[in-house]
Amino acid sequence: MEKTINVKKIVLQNLVLLGIIVLCIVTAIVEPLFLTQDNFTNILRQFGPLSFAALGMTYVIIGGFIDLSVVGTISLVGVVTLSLIDPIGQAGALFCGLLLGTFLGFLNGVILVKFGAMTQAEVLFITYGMSSIFGAIALIYTNSETEHMSRLSNPYTIFTFIGNGKIGPFTASIILFVIALIIIEWFYRKTLWGRQIALMGGNKTAATLCGYNMKKTLVLVYTICGLFAAMGSIVLISRVTTASPVAGAGYETDAIMSVVVGGTALAGGTGSGIRTVLGVLLIILLSNCMNMLGVSTYLQTIMKGLVLVIAIWLDNRKEQQIH
Amino acid sequence: MSTKSVLIKTKKILLKQKAVLAILAMIVLMLFFDTQFFTVYNWLNIFRSVTVQGIIAMGVTMTVLCAACDLSVGGTMCLSGVIAVLMINFGVPIPIACLCALLSGALVGAVNGFLVVHQRTEPFIITLGMGTLLKGISQLLTDAHPIACTNMSFMQIANTKILGQIPILILYMLVIFLLFFWILRFTNYGRNCYAIGGNYEVAKYSGINTLAIKWSAFIISGAMAALAGILLSSRMNSASSVYGDNTGMLVNCGVVIGGTSFAGGVGGAAESFIGIFVLQLMTNCMDCLGIGSYVQELLQGIIIVLILGFDCYSRLKKREHA
């Protein structure tokens, strides 16, 4: 009797992994090309921008909040970075881009703290407003034109490497991502600051009563999210070699979806970056498999929404059954 | 009562109604510019542009009052327009097609309500996902092309004018606004919504059927979004899967800007209407002044952040006092 409960529990807790395996097997049977080296590289390449944005979002959601401003951050950082390559060189542009993203995240955090926004709903709409501010600045900055790397006079080898480089069978962007993941997971699991994020998501009142400054933690999670959105943006412009002022559109839903599908609870307090990676993998595989099977893009949009709704639903049921 | 206490009272009311203050500020500001702003035609135009979002906002208000929200209204609006136009083009009589579109909205609302109320999922993320799903269905149905309605009498629904030059859309808006105002203020059902938003547990133990009422709020919200979709398609005489991309967020923002709190239990039809009106009036003012669309987006973002931010700030102060 106890054993069956355990099996059920394990299955419920590893639903994503199960989904990934089932998806791979089904696609591999129907379309053997799925298992080729080229497709493997292709999947790794798609890991780029979304995985970074989702990783940053993970810690905001663990902290019990949400951030819709990644759309604006990705758009703005992309166009600013690309436009800075000519005046200050590629390394400087890269650095400035990351700095700008960090600053935008910090700004979000400070504004939320100053206004005293403490619930997910309040935060949702204020960050939506921030997102339209950032997006509008990107549009005004570029006069709504797409910038192209090929028109630059300075070299942009770093960006080419991030976008297209390979070390062994792995793409450069995935290696950068793994490094970032290890650092941030170490930070989240082993440092006091990191543990405070989980504490804040778990119980704000308890955390405050324990003497932790939740305002600083709130600013911290948004700063992390901004930095990661900036990294995602740089990976994106490196990959497509252009920067559009509306490039970020849709990333907020995808990022939230990856986090939630991965199994990080929206209520906050539990979850990890590694779970998010599984979530991202599932979403990328889903689109890759559907492309391979020749499913129309419209159906893919439907599937995306459906996966999000079902994932949250199952997540909720799981919570109720375990407790 | 001395003039001083009257002044303090006025100040308090104005601070509470930041949206009204914003409207007054905009109107005063427009006095300094020589534009077409103060013409009857322009004001009719403002009211007409409010109608679609205003009607959606009435439904969304119900869900927000019950301490939830509905971000799927953009997708619902888009889908219902597509369904109505497709059915009419197929030869279905207009009333039946409109009814089917309305039912589709109610169905979406019922699914949302089931997931949020009975399965206790987080409303905003579930409805966000539902919006994506509905967008996909609209794209699939229309092949992502705008489709024109071949039956010209469908256009009459939203493009007729009454009393000379008043667009009939304003009349629809007025009727629906009064209906919701009445429901929320003077019926048991409406008062129960406030009770549920105010304190769910207390409402439950007071014998209110919380599940059914919260569920019905979502169904109403879906149906209102569908109605708005039909009116929009009728006004444009076409349906397209790109309608309503931002509507979900904007309407929910507008509702909150007006003063219907996301914590639930505070606000009402009038507040929500004012909130939507602020956003539309601002767009109109900026159009009159000839401000470019990107700057408009920037200013709109700033206004949203400021109004919602000060809302949070006043709640924070209240918590500190308590």
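Which residues does A:N39 touch, not counting residues up to four places away in sequence? The first legend below gives the answer.

The model is predicted, and local features need pLDDT of at least 70, side-chain atom pairs count only at pLDDT 80 or more, while totals for chains, interfaces and linings use all residues. Residues are numbered from 1 along each chain as its sequence is written, chains are lettered from A and ligands numbered from 1 in the order in which they are written, and side-chain values use heavy atoms, with hydrogens and water left out.

**View 1. A:N39 in helix α3 of chain A.** A:N39 touches A:L33, A:F34, A:N288 and A:M292, not counting residues up to four places away in sequence; contact means heavy atoms within 4.5 Å. A:N39 counts as buried, at 5% relative accessibility. Buried means under 20% relative accessible area, exposed means over 50%, and partly exposed lies in between (1.4 Å probe, protein chains only).

**View 2. A:I312 in helix α15 of chain A.** This helix spans residues 297–322. With its neighbours within four places in sequence left aside, A:I312 is in contact with A:V260 and also with B:T121, B:I125 and B:I126 of chain B. The relative accessible area of A:I312 is 3%, so the residue is buried. A:F187 is 125 residues from A:I312 along the chain, and the C-alpha atoms of the two are separated by 27 Å.

**View 3. Cysteines B:C193 and B:C66.** A disulfide is a covalent bond between the sulfur atoms of two cysteines. Here a disulfide is counted when a pair of cysteine sulfur atoms lies within 2.5 Å. The cysteine sulfur closest to that of B:C193 is in B:C66, at 4.0 Å, which is too far for a bond. B:C193 is buried, at 0% relative accessibility.

**View 4. Cysteines B:C100 and B:C98.** The sulfur of B:C100 has its closest cysteine sulfur in B:C98, 9.3 Å away, so the two are too far apart for a bond. B:C100 is partly exposed, with a relative accessible area of 29%. Over all chains, a search of the whole structure finds zero disulfides.

View 5. Chain B contains 14 helices and four strands. Of its 322 residues, 54% are buried.

Note on methods
Helix = DSSP H or I, 4+ residues; strand = E, 2+ residues; numbered from the N terminus.
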